[in-house]
Amino acid sequence: MNPGAVRTLPLVEVEDVSKGTYWLRFHAPAGFACDPGHFFMLSSPENGAPFLGRPLSIGDVHGERFGFLVRALGGATAWFRTLPVGSPIRLVGPLGRPFLQPERSVHCMVAGGIGLAPFFYLARRLRATQPGARIELRYGERSADAHAPLMEAEGELFDVVERFTDDGSLGARGTVVDGLDDRLGDPNAAWYACGPHAMLRALARRLDEAGATDVQFSLEERMACGFGVCQACIVPNRSGKPRYRLLCMDGPVLDPREVAW
Ligand SMILES: Cc1cc2nc3c(=O)[nH]c(=O)nc-3n(C[C@H](O)[C@H](O)[C@H](O)COP(=O)(O)OP(=O)(O)OC[C@H]3O[C@@H](n4cnc5c(N)ncnc54)[C@H](O)[C@@H]3O)c2cc1C
Ligand code: FES
């Protein structure tokens, strides 16, 4: 079991990027290290947080700062947004199994909604370790107002960005799963995805039908502890042996062919 380090750090910056979505940023203390796909449990007992820690994927690590891209969905994710700069935040991590980074000429990232979060850091790492590789992002939201602007990440981290909205208000109308045809079947592509369960299930089927073998999804389940104690985060295993896995320990990054969707 790897329960990660426990640190209390002051919040350095809160930046709103789109409707309900914001970055929480911190100075990286000495010895801070994590890999793309790792997550941290965040809480703030010093501020009287009325909840247990919440899991957040590492969003980016750049220079002396690291951050989390957060969407205010409920109690905790809305409450973090109200905290003033300087507030102490308790972070436990890094936790879980991060993305593998196979050597490929094309890396295709597919994000639905706040599933965008882990791909800044993943792209930054791949850019550094595989400078000749092409990094593509397909990113879908319900509507234009939810789309997080990618700013300098577009071009710097992602060679190609294709945007999708359910209502057609930005980019192509439809879901990210509709926009894969040009890459499906490319044997040089590694695939990474994060987003709502229904999107991941549909994407898993399409990639499977296309014969893609290098596929990693970052999944979400409710998590109370983040390191294997509470058993809240079970994911049914396709082979049935074992019947379930714990997402916080065996994931959150899994091969979708191992999941009973
Ligand atoms: C490994 C992991 C990484 C994550 N990374 C990020 C991230 O980078 N950015 C981010 O904004 N969020 C991320 N999440 C989701 C985030 O943890 C949840 O949004 C958060 O726990 C919701 O807490 P809340 O108190 O705001 O909402 P609550 O008030 O507890 O719930 C609000 C609504 O969201 C649903 N919900 C809550 N948690 C989850 C969940 N884990 N999966 C699906 N539905 C849920 C509830 O059923 C409810 O409908 C991640 C989750 C996991 C497991
Ligand atoms: S979150 Fe507690 S066992 Fe996975």
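This report looks at one histidine and at the aromatic rings of a predicted model.

## How to read the model

Residues are numbered from 1 along each chain as its sequence is written, and chains are lettered from A in the order in which they are written. Because the model is predicted, local features need pLDDT of at least 70 and side-chain atom pairs count only at pLDDT 80 or more, while side-chain values use heavy atoms, leaving out hydrogens and water.

Let's start in a loop: His147 sits between strand E10 (134-141) and helix H3 (153-156). Helices (H or I, at least four residues) and strands (E, at least two) are DSSP runs, numbered from the N terminus. With a relative accessible area of 7%, His147 is buried (under 20% relative accessible area, with a 1.4 Å probe and protein chains only).

Rings of Phe, Tyr and Trp (its six-membered ring) pair if their centres lie within 6.5 Å; planes under 30 degrees apart are stacked, over 60 edge-to-face, and the rest tilted. By this rule there are 13 aromatic pairs. In one of them, the ring centres of Trp23 and Phe120 are 5.3 Å apart and their planes stand at 70 degrees, so the pair is edge-to-face. Trp23 belongs to strand E3 (residues 21-27) and Phe120 to helix H2 (residues 119-129), so this pair ties together parts 97 residues apart in sequence.

Trp23 is buried at 9% relative accessibility, and Phe120 is buried at 6%. Elsewhere, ring pairs join Phe26, Phe32, Phe40, Phe66 and Phe68 into a cluster.

How values were computed: Buried < 20%, exposed > 50% of the residue type's maximum accessible area, 1.4 Å probe, protein only.
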